[in-house]
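Could you walk me through this protein, one stop at a time? I would like an explanation in plain words that I can follow with the sequence and the 3D view open beside me.

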Amino acid sequence: MYSFNRRRMPFSLMFLSAASAGATGVAVQVQDAAGNPLADTVVYVEAETAPAAAKASANGQIEQKGLKFMPLVTVVQTGSKVFFPNNDKVRHHIYSFSAAHKFDQKLYSGESAAPQVFDKAGTVVLGCNIHDKMLAYVKIVDTPYFAKTDATGAARIALPAGGKYVVKAWHYNTAGGATPEQVLTVKAGDAPSTATFKLPMKPAAPADASSSPN
Ligand SMILES: [Cu+2]
């Protein structure tokens, strides 16, 4: 009985290695309403039916440097840790009032801030009590399949073949705050599918959103 169960395991592993090799997946392109590429958009894929997935083990890091959080946008899977190294000479006092994860890290310097565990899907807005202009976003998603668009508005997510997926896009400055989604079926042996999103932005975008160094 034992050896029978063990022999079944390589099937799921086979699907996972196909995903990491990038054999199938989705190429996502995100634009604003005028057709300009949108960087810093979180794109993520939820499985309706798919082979079992391994949890993304990557933890996150949001540095403080030059009185800014870097990067501006971070995406992690639920249950991930995020570290907050302070590389400024001044101390910061960082906090979140967001329902997905409230915390208050009082004045600290260097590496002394406790890492935060984000165990609930949602959006967390970070601020600093000392420096009002400091702002960052953490998007917590309940899936190991996620990415962030680059300066050309592009992102690519590898997926196990043979599943049916919902692709979603989230940008912190979307008018109305909605998360548009598209349904996608990836069959075994398929070339990467594509998904294009057009997200209407609020008129007053932060001036540094597109020139963020990360
Ligand atoms: Cu600060």
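This is a predicted model: local features need pLDDT of at least 70, side-chain atom pairs count only at pLDDT 80 or more; totals for chains, interfaces and linings use all residues.

**A walk through the model**

Is Thr-78 buried or exposed? Thr-78 has a relative accessible area of 14%, and because buried means under 20%, Thr-78 counts as buried. Setting aside residues up to four places away in sequence, Thr-78 touches Lys-55, Phe-118, Asp-119, Lys-120, Ala-121, Ile-140, Val-141 and Asp-142. With Asp-142, the link is a polar contact of 2.9 Å between the two side chains. Now find Thr-143: Thr-78 and Thr-143 are 65 residues apart in sequence, yet their C-alpha atoms are 7.6 Å apart in space.

Thr-143 leads us on to Val-45. Leaving out neighbours within four places in sequence, Val-45 is in contact with Val-26, Thr-143, Tyr-145, Ile-157, Leu-159, Tyr-165, Val-166 and Val-167. Val-45 also belongs to the largest nonpolar core, which has 19 residues. Which residues have the most contacts inside this core? They are Val-26, Val-43, Val-45, Ile-157, Leu-159, Val-167 and Phe-197. At least two residues of this core come from each of strand 1, strand 2, strand 14 (154-158), strand 15, strand 16 (181-186) and strand 17 (193-199). A second, separate core has 18 residues, among them Val-76, Ile-94, Ala-100 and Ala-113. As background, nonpolar side chains tend to be buried together in soluble globular proteins.

The side chain of Thr-24 reaches the backbone oxygen of Leu-159 at 2.4 Å. You will find Thr-24 in the loop between helix 1 (2-20) and strand 1. Thr-24 is buried, with a relative accessible area of 2%.

Next, look for the aromatic rings. How many aromatic pairs does the structure hold? There are five. In one of them, Tyr-95 and Phe-97 are tilted, at 4.9 Å centre to centre and with 45° between the planes. Phe-97 is exposed, with a relative accessible area of 66%. Another pair, Tyr-145 and Tyr-165, is edge-to-face, with 6.3 Å between the centres and 85° between the planes. Tyr-145 lies in the loop between strand 12 (135-141) and strand 13 (146-148), while Tyr-165 lies in strand 15 (residues 163-170), so this pair ties together parts that are 20 residues apart in sequence. Both Tyr-145 and Tyr-165 are buried. Elsewhere, Tyr-137, Trp-170 and Tyr-172 form one aromatic cluster.

Now turn to the metal. Which residues coordinate the copper ion? His-92 (ND1), Cys-128 (SG) and His-131 (ND1) do, at 2.0 to 2.1 Å. Along the chain, the donors of the copper ion follow the spacing H-x35-C-x2-H. Cys-128 and His-131 are both buried.

An open sheet of three strands has the order 3-7-10, with mixed pairing. Strand 3 (60-61) and strand 10 (116-118) stand at the edges, each with a single partner strand, so one side of each is left without a neighbour in the sheet. Strand 3 pairs with strand 7 (residues 80-83) in the parallel sense over two bridges. To see a bridge for yourself, look at Gln-61, whose bridge partner in strand 7 is Phe-83.

We finish with some details of the backbone. Most residues other than glycine have a negative phi, and most peptide bonds are trans. Where does this chain have a cis peptide bond? One joins Met-70 and Pro-71, with omega about 0°. Pro-71 has its place in the loop between strand 5 (68-70) and strand 6 (73-77). Asp-40 is not a glycine, but has a positive phi of about 60°. Asp-40 lies in the loop between strand 1 (25-32) and strand 2 (42-49), and at 6% relative accessibility Asp-40 counts as buried. Leu-67 also has a positive phi, near 60°. Leu-67 lies in the loop between strand 4 (63-65) and strand 5, and its relative accessibility of 40% makes Leu-67 partly exposed.

Methods
Residues are numbered from 1 along each chain as its sequence is written. Side-chain values use heavy atoms; hydrogens and water are left out. Rings of Phe, Tyr and Trp (its six-membered ring) pair if their centres lie within 6.5 Å; planes under 30 degrees apart count as stacked, over 60 as edge-to-face and the rest as tilted. Buried means under 20% relative accessible area, exposed over 50%, partly exposed in between (1.4 Å probe, protein chains only). Helices (H or I, at least four residues) and strands (E, at least two) are DSSP runs, numbered from the N terminus. Two strands pair if DSSP finds at least two bridges between them. A polar contact is a pair of N or O atoms within 3.5 Å; within protein, one must be able to donate a hydrogen and the other to accept it, and residues adjacent in sequence count only if both atoms are side-chain atoms. Donors are N, O and S atoms within 2.8 Å of the metal (3.2 Å for Na, K and Ca); water is not among the atoms, so sites may look incomplete. A nonpolar core is a set of buried Ala, Val, Leu, Ile, Met, Phe, Trp, Tyr and Cys residues joined through side-chain atoms within 4.5 Å. Contact means heavy atoms within 4.5 Å.
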